[in-house]
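The following paragraphs lead a new reader through one protein chain, beginning with a single side chain and widening to the whole.

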Amino acid sequence: MNPLTRRKLTTIALNTAGVVVFLAAVFPVYWMVATAFKSNNQIFTTDFIPFPTEPTLDHVERVFDKGVAGNSIWVYLKNSVIVAVVTVTIGAVFSLLAATAVARFRFKGRVPFLILLLVAQMVPAEALLIPLFLNLQRLGLYDQLFGLVVVNVGLTLPFGIWMLRTFVAAVPKELEEAAWIDGASRFTTFWKVLFPLVAPGLVATSIFSFITTWNEFIFAFTLMRESTGYTMPVAVQFFFGQRGTDWGGIMATSTLMTIPVIIFFLLVQRRMVSGLVAGAVKG
């Protein structure tokens, strides 16, 4: 077999494998959306129905009209948006500042701090549930959305600092020194030189923080007492009952849950692309 033929076969095999992986990743999402618009007869049938032959909005309308657990679905969606957006904002600020300090300065306790970040990511979140519950009670943050924000920031912050540290360390110090020589202050250097170059890493950590917070269930369910404080993942579990499972409601609510995630990703994707080229253009 000549090298050209071997190269073509390798390309075909890789493309085929890529298509298979793509379909395997997309199929659950497609099935969720398709099931949300199927009738109950099509959902509970033993036949394989790849798409709704008789599409209906009954499940979507029921979720919006009747709500979940006596509350409007917009209550849960609002709580999820507030917790996720505030967590991402606070986490991004503290992650960037901490990563810059760790990457640019040498101080006592720097190495133990980095090791502590790794250890914090190894601890199961469930093991922290009782201590966090007791601490939030003492601080008066139990059954408060801000308390849930504090918990989620603490859960996502170690990963954000560790990941951003590599982005900050990859930026040559000479760029900052050149800005200082030109008369730029430390803040101007940080904002005009360092920040555009680490923006892709900040976007990546923000995506991770948003998805982690948006899908978090155990803390949102345990640390909130009133149902009006629950988030979307908690709302989904109300469709599981002793009399059966409302799969149509689950799929409709889950489809609604994915829309803000897609919107967030589309918004930050542009920032990621602009951040990749921001430091390469002299202006």
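**A guided reading of the chain**

Arg225 is exposed, because its relative accessibility of 54% lies over the 50% cut-off. The model in which this residue is seen is a predicted one. The side chain of Arg225 meets that of Asp143 in a salt bridge, with an N to O distance of 3.9 Å. This pair links distant parts of the chain: Arg225 belongs to the loop between α10 (218-222) and α11 (232-237), whereas Asp143 belongs to the loop between α6 (129-139) and α7 (145-170), and 82 residues separate them. Asp143, at 16% relative accessibility, counts as buried, since the limit for a buried residue is under 20%.

How many salt bridges does a search of the whole structure find? The search finds three, and the pair of Arg225 and Asp143 is one of them. Another joins Arg104 to Glu176, where the closest N and O atoms are 2.6 Å apart. Here too the pair links distant parts of the chain, as Arg104 is in helix α4 (residues 73-104) and Glu176 in helix α8 (residues 173-181), 72 residues apart. Both Arg104 and Glu176 are buried. For Glu176 the relative accessible area is 9%, and this residue therefore falls under the 20% limit. Apart from neighbours within four places in sequence, Glu176 is in contact with Arg104, Thr189, Val193 and Leu194.

A salt bridge also connects the side chains of Asp246 and Arg62, at 2.7 Å from N to O. Distant parts of the chain are again linked: Asp246 is in the loop between β2 (244-245) and α12 (247-278), Arg62 is in helix α3 (residues 58-66), and the two are 184 residues apart. Are these two residues buried, partly exposed or exposed? Asp246 has a relative accessibility of 22% and counts as partly exposed. Arg62 is likewise partly exposed, with a relative accessible area of 23%. Each of these values places its residue between the limits of 20% and 50%.

Attention may now turn to the elements that carry these residues. The protein chain holds 12 helices and two strands. Read from the N terminus, the order is α-α-α-α-α-α-α-α-α-α-α-β-β-α. The UniProt record, an unreviewed entry, places the feature "transmembrane region" at residues 12-33, 81-101, 113-133, 145-164, 193-214 and 247-268. Two of these spans can be compared with the model. Residues 12-33 are 100% helix and 0% strand, with end C-alpha atoms 31 Å apart. Residues 145-164 are also 100% helix and 0% strand, and in this span the end C-alpha atoms lie 27 Å apart.

Tyr30 is partly exposed, with a relative accessible area of 36%. On the surface, Tyr30 takes part in a nonpolar patch together with Val19, Phe22, Leu23, Val26, Phe27, Phe48 and Phe51, and the patch has about 820 Å² of accessible area in total. Trp31 is partly exposed at a relative accessible area of 26%. Trp31 and Phe51 are 20 residues apart in sequence, while their C-alpha atoms are 8.1 Å apart in space.

The chain can finally be considered as a whole. Its radius of gyration is 24 Å, whereas a compact globule of 283 residues would have a value near 19 Å. Along the principal axes, the C-alpha atoms fill a box of roughly 75 × 70 × 35 Å. Of the 283 residues, 37% are buried. The accessible surface comes to about 17000 Å², and carbon and sulfur atoms account for 69% of that area. Among contacts with a separation of 6 or more, 70% are between residues 24 or more positions apart. The three salt bridges found in the structure include the link between Asp246 and Arg62, which spans 184 residues of sequence.

Technical notes:
Residues numbered from 1 in each chain as written. Predicted model: local features only at pLDDT ≥ 70, side-chain atom pairs only at ≥ 80, totals over all residues. Heavy atoms only, no water. Salt bridge = Lys/Arg side-chain N within 4 Å of Asp/Glu carboxyl O. Helix = DSSP H or I, 4+ residues; strand = E, 2+ residues; numbered from the N terminus. Buried < 20%, exposed > 50% of the residue type's maximum accessible area, 1.4 Å probe, protein only. UniProt positions renumbered as here; feature names shortened; annotations may be inferred. Rg over C-alpha atoms; globule rule 2.2 N^0.38 Å. Contact = heavy atoms within 4.5 Å. Areas by Shrake-Rupley, 256 points an atom, 1.4 Å probe, with all protein chains shown as cover. Patch = residues over 30% accessible without salt bridge, like charges linked within 9 Å, V, L, I, M, F, W, Y side chains within 5 Å.
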